[in-house]
Amino acid sequence: MAELLFFSGTMDCGKSTLALQMDHNHKARGRRGLLFSSHDRAGESMISSRLGLQVPAIEVLPDTDFWAEMTLRQTMGARIDYVICDEAQFYSTDQIDQLARVVDEMEIDVFSFGITSDFRTRLFPGSQRLIELADRVQVLQVEALCWCGKRATHNARTLDGVMVVEGDQMVVGDVDLPVDQDTDASLDLHEPEAPTAHADTTVATSPDRPDRSLREPVVGYETLCRRHHMRQQTSRTSPSLYVNQVPLPFEQSAPSDDGSARLQGADLAG
C-alpha cells in the first residue's frame, strides 16, 4: 500500500542527501519515479546536497498541480511508482493535499523532505499540513549541531551575524558563512574605488564616511539548540565561543634537581 512519508529536520541534517539516496535505491530495484524541488540552493529544477550531489528535478511553482501532473504523465503512458518531494516546506497546503490524493487514489508512494519550522520557530504551512496528513513523520537521525556542540533543533536567521526574529518567512541567505566572518571585509576603508553592484550590495556612500560604502546586511542562516535560539545567541555573538582557544597563563619554572622543567600557572601561584 502506498504511503505519504515526511522526513523532517533542521538544516544540515542530510534531508536532500537522503532524498537522492532514496531515489537511487528505488531506481536500482527497477522502480520509476519523479523528483520535485522548490528553491533549491543550486537553483531551479535541481535537488542538491551539501556533500556535492546534484540531480535534475521538476521545479514546484505556486500553480503546480500534482494531481494534474501525475494524471497527464500517466495518460501519456508514463509509469510512476514513487515521487520524491524535496524542500516540501515551501509547498502550499493545497499542493500537500494533492500529494495525499496521489497516494490514496493512484497508489503512488510520496517521500517528502523538508524543514519543519522557520527562523521564528513557526511551522511552515507545507510542513504543518504534512504533519497533519502524513502516514509517517520521521525525524532524521543525522543531528545538526549548534555552535555549542549540542543537537541543533531550530533554524536561526542572521543579519551580519546577529539573529533576527522578524521578517518574511522566506528570504534567500547564506548557510555557509564562516563563524569568524568579518562582514566589513568587503568594504574598502582606505582608498575609495568605483562602486560595483553585487547581489547583496547597495551602491551608496555614507555622508559622514565618504570612504565607506553602504550595503544591505548579509542574510545568513544557522542551526541552534533551543537554549541558544531562545537567547538569540549565535556563533558570532556568543562571548564564550572562543574561551577554549585562549591559552592558559602557564610559565616555565626553573629546572628542578633532576633536570626537568615544570609548568606552573602564573595566576594560580600562592
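Student: Happy to start with a helix: which residues of α1 are buried?

Tutor: Good place to begin, and do keep in mind that this is a predicted model. Helix α1 runs over residues 15–28 and reaches 20 Å from its first C-alpha to its last, close to the 20 Å expected. A residue counts as buried when its relative accessible area is under 20%. In α1 the buried ones are K15, S16, A19, L20, M22, D23 and H26.

Student: Which strands are included in what covers the buried residues of α1?

Tutor: Strands from several parts of the sequence contribute to that cover, β1 (4–8) and β7 (109–114) among them.

Student: What is the C-alpha to C-alpha distance between D12 and T223?

Tutor: D12 lies in the loop between β1 and α1, and counts as partly exposed at 37% relative accessibility. Leaving aside neighbours within four places in sequence, D12 is in contact with R50, A144 and T223. D12 and T223 are 211 residues apart in sequence, and their C-alpha atoms are separated by 7.9 Å.

Student: How far apart in sequence are the parts tied together by the salt bridge of R136 and E3?

Tutor: The closest N and O atoms of R136 and E3 are 2.9 Å apart. R136 lies in strand β8 and E3 in the segment before β1, so this pair ties together parts separated in sequence by 133 residues.

Student: And E105 with R101: in which helix do both lie?

Tutor: Their side chains meet in a salt bridge at 3.5 Å, N to O. E105 is exposed at 53%, whereas R101 is partly exposed at 38%. The two are four residues apart, about one turn, and both belong to helix α3.

Student: Is Q98 buried or exposed?

Tutor: Q98 is placed in helix α3, residues 93–106. Beyond residues up to four places away in sequence, Q98 touches T64, D65, F66 and W67. The relative accessible area of Q98 is 16%, and the cut-off is under 20%, so Q98 is buried.

Note on methods:
Residues numbered from 1 in each chain as written. Predicted model: local features only at pLDDT ≥ 70, side-chain atom pairs only at ≥ 80, totals over all residues. Heavy atoms only, no water. Buried < 20%, exposed > 50% of the residue type's maximum accessible area, 1.4 Å probe, protein only. Contact = heavy atoms within 4.5 Å. Expected span 1.5 Å × (residues − 1). Salt bridge = Lys/Arg side-chain N within 4 Å of Asp/Glu carboxyl O.
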